[in-house]
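Hi everyone, thanks for making the time today. I'd like to walk you through one model and then hear your thoughts. Let me put it on the screen.

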Amino acid sequence: MPADLQDEPGADGVGSRAIGTSVTDGSARARAAAAALATVPPRPGVPKPDPILVADGVLRQFGGLTAVDVEHFEVQRGVITALIGPNGAGKTTFFNLLTGFDKPNSGTWSFEGKELAGMPAYRVARRGMVRTFQLTKALSRMTVLDNMRLGATGQRGENFFRALLPASWTAQQKGIDARAVDLLGRFKLDSKAGDFAGSLSGGQRKLLEMARALMVEPTLVMLDEPMAGVNPALTQSLLGHVKDLREQGMTVLFVEHDMDMVRDISDWVVVMAQGRIVAEGPPDVVMADPAVIDAYLGAHHDAPLSLEEEEAQIGGARVETLTDGRDEA
Amino acid sequence: MDIAVILENTIRALFNAEALILALAAIGLNVHFGYTGLLNFGQVGFAAMGAYGIGSGVVYLDLPFGVSLLLGIALAVLLALALGIPTLRLRADYLAIVTIASSEVIRLTARSAELRELTGGSSGVNGFSQGFYSMNPFSPGSYGIGWLSYDANRFFLLVVGWTLVALCSVLVFLLMRSPWGRVLRGIREDEDAVRSLGKNVVGYKMQSLVLGGIFGAFAGFAFALANSSVQPDNYGTQFTFLAFTAMILGGAGRVIGPVVGAIVFQTSLVLVENVLIQAKGAGYISDRILESTDIGAVRFVLVGVALMALMIYRPQGLFGDKKELALDAR
């Protein structure tokens, strides 16, 4: 097991330049990720050996509804973590909270050891934690290349006064363009560089959004339903791109409903239901977890005949879910 | 019916002060709406800041003319900050509501009797333009060619004004092709996406609001100097919507759009008015159809119908790109 590959700083640099060119390198990282998590027990809120993101007591209520109530949550560095759960489980809300797009009622979370609570979304992104959206946000009336350029951080020409002196930013822009063209090539969008982003197909927009997020040079990429609305032919290529992110040394956290995809690419799966984390662990363990099956299908398959019976069932399911989760540990 | 009179008045309207004022206001709105997607329905508030800045500055505060100009700009910047700080974090429609209300608040406050010592109340401010016209390098006489001839003072105003329009347009051109302008256009398309890429969206929206507001103050300067007077009731909401009309007619998000739109719009108004006056004078239109006192209102109706037709058949405006507009349906 070449675990040294994961710790070697040079490997990141090599990986980011030659993505997916070396299959052995790629699987080595996948194996390294699996090895790092091998000793972690599959239990909700379990601590990881090398967490990049740690959240504590994150609570978000909309009026009387508790959308997110996460006691403890850690994301292991360098692995692909899937966040799954039924509709309304609070996955996207949790994403919004972590990335500063929404504010929690209470809670703290840190990214690479630095507190993020209360930080505006744009500064979270600058720290290297970049997200995409469930409903793709291609900037329609801008060209694909301009979409990409917008992702680059620290641009001198984005200052009002320096913008008026093209000499101060054209050289930097050339470097950005080279990086953008390179990324577009990888995502097979290079022929579209001059087209309006609004003219792309739904799948191409997903690809563009992912490529644009990479322009920020993130260390943690958070993908909100990357496969939603993508035709099956493109799914494989998108999967490959997500795996590539790990090969380049990035950490990936993604929300997804497609269980085949989750099984295929994730090293670790976290399950949310009714705002809480109900299970986590390697994909095969989690998929077999009764708490997960309960969360998705409901604990009882018999329809309640009376209100009392219904209440008893709902209450019973909740207790079962919690105890089942702990039993696994 | 005198075709020559119609032509003369129409051609004179091409470069007259009304088009100039509208163009400056529309350039500002274009920065707000055309490039950043900010729905500013109170552009007239910025114009009022500029106009009262020079008017009240010279007459009531005894400031030199140049300092009064700076006061006008400073007031516009302050207004942008006052409007922007509470609203730019919210959705776009809130800015629209706040701006339209604030522009009316400004007008009603300026015309209130309480402030007679500062704004002249309902009679406005007069007698402040000597500072401007004393800088006139053109000796008295007639300038221009043929129908486009003006006296020295009007010629000076138009030269300065249209130069300002050109400078503002060049500034917008330079800014919008820079990375700064790219962020603005990104915000217009989807501000959350831009935020997720590490840009301080609220900061950029504020910069845009301030810049466009300063252009609005320039429109106020031109308005005040062209009339040599600031009348509060000239700064009602119709000013804003005429500027919106000019910008959309020319093409929002195009550097030249608001300028051409302002000229075409003002010229069409003058053309329709003169055609109606001449037709009426020649007896082609009976009193039962149109009284001559109604011409001023009817010209807006006719130009409005023409604009509706234009928006149906050319929704992108004169300079817009139809392909680009069609993309708006996400």
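Here's one to start with: by class, how many nonpolar, polar and charged residues are in the lining of the largest pocket? Before I answer, please keep in mind that this is a predicted model. The lining has 13 nonpolar residues, twelve charged ones and six polar ones.

So much for the classes; now the pocket itself. Its volume is about 710 Å³. There are 31 lining residues, and the closest to the pocket centre are B:Leu88, B:Arg89, B:Glu191, B:Arg195 and B:Lys205. Which elements give two or more residues to that lining? From chain A, we have helix H5 (121-126). From chain B, we have helix H5 (92-110), helix H9 (179-189), helix H10 (191-196) and helix H11 (201-227). H11(B) provides the largest share, with four residues.

Let's move over to the sheet in chain A. Four strands make up an open, antiparallel sheet, and their order is S2-S1-S4-S5. The edges are taken by strand S2 (65-76) and strand S5 (114-115) of chain A; each has a single partner strand, so one side of each is left without a neighbour in the sheet.

If you zoom in on S5(A), you'll find that it pairs with strand S4 (residues 106-111) of chain A over two bridges, in the antiparallel sense. A:Glu115 in S5(A) is the bridge partner of A:Ser110.

One last stop, a helix on this sheet. Helix H4 (residues 91-98) of chain A lies across S1 (51-62), S2 and S4 of chain A, and runs at about 115° to S1(A).

That's my tour, and I'm happy to take questions.

Note on methods: Residues are numbered from 1 along each chain as its sequence is written. Chains are lettered from A and ligands numbered from 1 in the order in which they are written. This is a predicted model: local features need pLDDT of at least 70, side-chain atom pairs count only at pLDDT 80 or more; totals for chains, interfaces and linings use all residues. Side-chain values use heavy atoms; hydrogens and water are left out. On a 1 Å grid over the protein atoms alone, a cavity is a set of points where a 1.4 Å probe fits but cannot get out, and a pocket is an open set with protein on both sides within 12 Å along at least five of seven lines; lining residues have an atom within 4 Å of a point. Grid points are joined across faces, edges and corners, and a volume is the space filled by probe spheres set on the points. Ala, Val, Leu, Ile, Met, Phe, Trp, Tyr, Cys and Pro count as nonpolar, Asp, Glu, Lys and Arg as charged, and the others, Gly among them, as polar. Two strands pair if DSSP finds at least two bridges between them. Contact means heavy atoms within 4.5 Å. Axes are lines fitted to C-alpha atoms, for helices over the stretch in contact, and angles run from 0 to 180 degrees between N-to-C directions.
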